[in-house]
Amino acid sequence: MHMADALLSPPVAGAFWAGTAATIGYASKKLMDGQDDRKIPLMGVLGAFIFASQMINFTIPGTGSSGHLGGGMILAILLGPHAAFLVMASVLTVQALFFADGGLLALGCNIWNLGIYPCYVAWPLVYKPLAGDGSSPRRLFAAALLSAVAALQLGAFSVVLQTLLSGISELSFGAFLLMMQPIHLAIGVVEGLVTAGVVQYVRSVRPEILETSGSKGALPAGASLRNVLVGFVLLAVVTGGALSWFASAYPDGLEWAIEKVTGKPELSEREHGVAAALKKLQERTAVLPDYGFRKQDGAPEGAEETPSWPSVDAGTTVSGLVGGALVLAAALTVGWAIRAFRKTRAGRPEV
Amino acid sequence: MALEAAYSDIGRLDRLSYKDTAIHRLDPRAKVVATMLFVVAVVSFPRYEVLSLLPFAVFPVLVAALGDIPAGFIAKKVLAVSPFALFVGMFNPLLDPGTVSILPGATVSAGWVSFASILVKFVLTIGAALLLIATTSFPGICRGLRRLGFPALFVSQLLFLYRYLFVLMEEAMRVVRARDMRSFGSRGAGPRVYVRIVGALFLRTVERAERIYGCMLARGFRGEVPSMREEKLGPADGVFVLASGSFFALCRLVSVPEAIGRFVRGLAG
C-alpha cells in the first residue's frame, strides 16, 4: 500500500524525504567503499526483476484471491541490506513516475516504508539472528518468513503514523491501526511463505549466491549497522514515529478491507468511541496544529466534536465558487485552444 | 492481463516523452524543480481547502496542452491508482459530523469538504507526476537528478533498472503465458509453481547481470554511466521555473477564485 501525496502534510513528507535521502547517500557510500562495481549491473537488473516478478500472480489456496512477491525482504536476503535498499529505492522511484503509485512528495515516505524496514530493521534484527550461518534449511525458511511478516507489519504501522501525523484523514489512530495491521498480517504471511520458498529454491540451485551475500553484507557492516539503527530510531522519535512497507498492487487486500468495513456499519460507531479516547493522544502528536483536531479557544471539553471550521461567510463562498469555476473554465479553454491550434497547423502543409 | 496493460502503459509514457515540443525541450532539471514546487504548494493547503486549489489545475492543463499529451490517457492512469486515497479519504464524511454552509441555505458535512480536498489534491499531484514523465525522457530525469546532487550509484541504478525493465517484463510475460497454457483450471497457478518460476527468473536475471557486467568491462566501465550530452540551463528554463514558481506562490498566498469572483460580482452589480 503506497502512501499518497494527498494524505500528507509538507512537514511529514519533508522529514521522511530527508531521512530517505540520507539513507540513499549512506547506502551508496557503503557500496562504493566496497569497490565492488560488479554489483552495479546486478542491482539494476534485479530492480527490473522485482517489477517483472510482481506482475506474476499466484492463487492463494482455499481463498481464490491472488498474491505476489513483495520485494524488499527477498532482495535484502539475496543482496545484503545496502544494495537491497538502493534497488528498492530505485524501484519505488520508477513506480512513482510511471505508475503514479503515491506521488513525488510521498516517495520519501514510500522508500522509507518499503525499503528501510526490510533492509535495515527486519534484515539485521530478525532475519540475521534467526538464519544463523544459513546451513539449516528449516531455520532459513523460518527466518525469511518471520522477517517478511515483521517488515510488512512495520510498514503498515508506518503508513498509519504518517497519515495521522499529517492530519489530513479523519480516521483515528486505533481504528486505522485495526484496519491496517490484521490485513497486512495476512498479506505478510503469504508473502513471507513465497519469499522463503524462493530463497530456498535459490539456495538449492545456486547456494553460492546466498553465501556471498550473507557473509559479505553482515560481517563488516555489523558494527556500523547498529549505529545506523540508533540513528534511525532517533530520527523516528524526532519525526514523531514512523514505520511501513508495501503492498503495491494489493487491490485484493484493499478490497477486502473496504468490504469488511462497509459490510459492518457498527464499526464506524465504534470508531467514534475510539476516536474520543484517542483524541488527547492525537492532539499531542499533531505536528501542525492547524491540520489536527484543534481545540477551539475557550471551547469546553465536551464541545470538541465541532470541527475547527473557519467561520463561514456565505458571500465569500459564493465569490470563491464563481471564481473557481471561471478559473477552471479558462484553464480548460486555453488547453483546448492550444490543442485545436496544433491540429489545424498539423493539417496544413508545411510552408 | 494486468502485466500486458502495465507493459503497454509504460511503453506509451516512454514514447510520449520523446516528442519534440516546447515543454519537452526544457531542461529536465527545470521540470523536476517546477513539479516539486507544484506538489509542495498543493499539499501545503489546510484540509478544508477546496476552492483555492482549483487554480493549480492551470499548470497541468498547460503542460499537457503545450506538451501535446493526450489528457484522456493521463486521466485514466490517475483513476487507476486512486483506491488508496479514496479508501482513507472516504472516512472523513463519516467521522467529521460538523456541518458547514457552502451556499446561503445549503449546508454540507465538513467531512465531505475535506474529502473533496483530498481528491482534488490527489488528482493534481498524481497528474503532475505523470506529466513530468510524459514530457521528460527517463534518462533525462536521471541526468537531471545527477546534476541536482543525487549519488552517482543511485542514478546508474535507475538507468540500469529502466534499461532492463522492458527486457524482463517481456520475459515475465512469456513465462506467465507458458504457465497459463499448461495450467488447466487452477492447476499450476498455486504458490508451489510460482516459487519455482520466480526462483528461476531470479537466477536467470543474475546470470544475465553477470554477462552484462562482462560486456561493460570490455567497453571500459568504471562504475558510472557516462553521458555525452552537454546540458546547459537556457533562458527558457529559467523563465519556466520562475513563472511557474511565482504562479504557485500567488495561488498559495491569495485565494485566486475568491478574488476573481469578487471582481466579477463587482462588475455585475
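Which domains does the domain assignment of chain B give? The assignment gives domain 1 (1-136 + 234-269) and domain 2 (151-229), with bounds that come from an automatic or database domain assignment. The centres of domain 1 of chain B and domain 2 of chain B, taken over C-alpha atoms, are separated by 35 Å.

The structure is a predicted model, in which local features need pLDDT of at least 70, side-chain atom pairs count only at pLDDT 80 or more, and totals for chains, interfaces and linings use all residues. Residues are numbered from 1 along each chain as its sequence is written, and chains are lettered from A and ligands numbered from 1 in the order in which they are written.

The contact between the chains takes 100 residues from chain A and 106 residues from chain B (two residues are in contact if their C-beta atoms, placed from the backbone, lie within 7 Å). Elements that each supply at least two residues of the side of chain A that touches chain B include helix H1 (10-33), helix H7 (173-205) and helix H12 (314-347) of chain A; helices (H or I, at least four residues) and strands (E, at least two) are DSSP runs, numbered from the N terminus. The largest share of this side, 20 residues, comes from H12(A). By class, the side of chain A that touches chain B has 65 nonpolar, 24 polar and eleven charged residues (Ala, Val, Leu, Ile, Met, Phe, Trp, Tyr, Cys and Pro count as nonpolar, Asp, Glu, Lys and Arg as charged, and the others, Gly among them, as polar).

In chain B, helix H3 (residues 28-43) has 16 residues, which should span 22 Å at 1.5 Å a residue; the end C-alpha atoms are 22 Å apart, in agreement. The expected span is 1.5 Å times one less than the number of residues. Twelve of the 16 residues of H3(B) are buried, so this helix is largely enclosed by the rest of the structure (buried: 20 or more other C-beta atoms within 10 Å of the residue's own, with C-beta atoms placed from the backbone). Among them are Pro28(B), Arg29(B), Lys31(B) and Phe38(B). The buried residues of H3(B) pack against H1 of chain A together with helix H4 (58-66), helix H8 (110-135), helix H9 (138-147) and helix H12 (235-253) of chain B.

H9(B) is also mostly covered, with seven of its ten residues buried, including Phe138(B), Cys142(B), Arg143(B) and Arg146(B). The buried residues of H9(B) pack against H3, H8 and helix H10 (152-182) of chain B. Gly149(B), which follows H9(B), has a positive phi, near 105°.
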